[in-house]
Amino acid sequence: MGPSSVIDQITNRCFSVSQHCLFPLFMQSMLVGVSITQYAFVSPHSENMLFGMGNPLLDISAVVDKDFLDKFGLKPNDQILAEDRHKALFEEIVKRNKVEYHAGGSTQNSVKIAQWMLQKPHKVATFFGCIGKDRFGEILKKKAEEAHVDAHYYEQNEEPTGTCAACITGDNRSLVANLAAANCYKKEKHLDLDSNWELVKKAKVYYIAGFFLTVSPESILKVARHASDKNKIFCMNLSAPFISQFFKEPLMEVMPYVDILFGNETEAATFAKELGFETDDIAEIAKKTQNLPKENTKRQRVVVFTQGKDDTVATVGDRVTMFPVLDIDQNDIVDTNGAGDAFVGGFLSALVQEHALEECIRAGHYAANVIIRRVGCTFPEKPDYH
């Protein structure tokens, strides 16, 4: 997660045969570790094959001094939601300092990383979310375009574009998020429009972070039901403990449509507690989660739980398997905030290429390993991944 998606965790505002024949085979291939390309001649990944929807934020990073932190009552290493006293911060940090802008927010980070891993063609990933008609909105559109993500934002005048300021002092980052327009997405004003729904229909893999349950659960359900009806792949993320705690009802309404569920160990434990699983064993939690009711019975649900430096846990058919992460010297770790979003992004990049589950996880581990060596959810020009 980049600066913005850390804050996401502490707020609740916050060919013709392919569809019918390809995906049942694909999901079987994921379970047995065989690539779909061994079954059929498949066209390569193309534009708009991956669809994401979530809370877009413009990440604004700048080096500041202690006086700046003191002026706005900030701690050197913290993450907070903007209050009234912080409203001037976003304009002042831009005026006072040389800043870097990045397209942020949890889901946008993941589809951006998937596009980076894939490289070509551009615009494999589509992204929907809400921004304001303002200068920061224009910058966000430009940054999404630079990342080669096909972003189609719902633009409105009521709230400004969501932003997250990363105020850097030495090795510390104080994060201040103003979700603003990200909370204002309207299904009937954007998702339901014919031109936008055509983009949804073009996709074969869908990913939405749990954070969006706080904004537009009806939008999530419409996309999830489409994926299920057309036997496509719908992925979701538990995203943060508060989602399971305070948004359990909309989460469980979507769960029957979830083909692949992501989460980390803390989120998995909270989810298990809320559902009364009566176990703190992560492998058992993964298995129980896999066995929750599912609408599309043509494929088994896949559950993937990351555990930081410890093995990633995943359901592989009727088994639960551990996948070791890549080794890294602790001195090389700069910022772990982007690790979760990066893992999902890497995983999705392999998923749209119809690779086996093991390969999807390997790609996820690689992406996370790259991102934690850098500040924020940023990456070099090209991946060194084979």
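**Second largest pocket**

I looked up the second largest pocket, and its volume comes to about 420 Å³. A pocket here is an open set of points on a 1 Å grid over the protein atoms alone, where a 1.4 Å probe fits, with protein on both sides within 12 Å along at least five of seven lines; lining residues have an atom within 4 Å of a point. The volume is the space filled by probe spheres set on the points, which are joined across faces, edges and corners.

I noted that this is a predicted model, where local features need pLDDT of at least 70 and side-chain atom pairs pLDDT 80 or more, while totals for chains, interfaces and linings use all residues. Residues are numbered from 1 along each chain as its sequence is written, and side-chain values use heavy atoms, without hydrogens and water.

Helices (H or I, at least four residues) and strands (E, at least two) are DSSP runs, numbered from the N terminus. I sorted the lining into six nonpolar, six polar and six charged residues. Ala, Val, Leu, Ile, Met, Phe, Trp, Tyr, Cys and Pro count as nonpolar, Asp, Glu, Lys and Arg as charged, and the others, Gly among them, as polar.

**Helices 14 and 15**

Next I checked helix 14 (residues 339-351) against helix 15 (residues 357-371): the angle is about 140° and the axes are 7 Å apart. Axes are lines fitted to C-alpha atoms, for helices over the stretch in contact, and angles run from 0 to 180 degrees between N-to-C directions. So helix 14 is oblique to helix 15; the cut-offs are under 35 degrees for roughly parallel, over 145 for roughly antiparallel, 65 to 115 for roughly perpendicular, and the rest oblique. Their contact (heavy atoms within 4.5 Å) includes Phe 343 and Phe 347 of helix 14 and Ile 361 and His 365 of helix 15. By class I got 13 nonpolar, four polar and one charged residues there.

**Helices 12 and 13**

Helix 12 (residues 265-274) and helix 13 (residues 282-290) cross at roughly 60°, their axes coming within 10 Å. They are therefore oblique to each other. Among the residues in contact I jotted down Phe 271 of helix 12 and Ile 285 of helix 13.

I saw a cis peptide bond from Lys 120 to Pro 121, with omega near -10°. Pro 121 sits in the loop between helix 5 and strand 5 (125-132).
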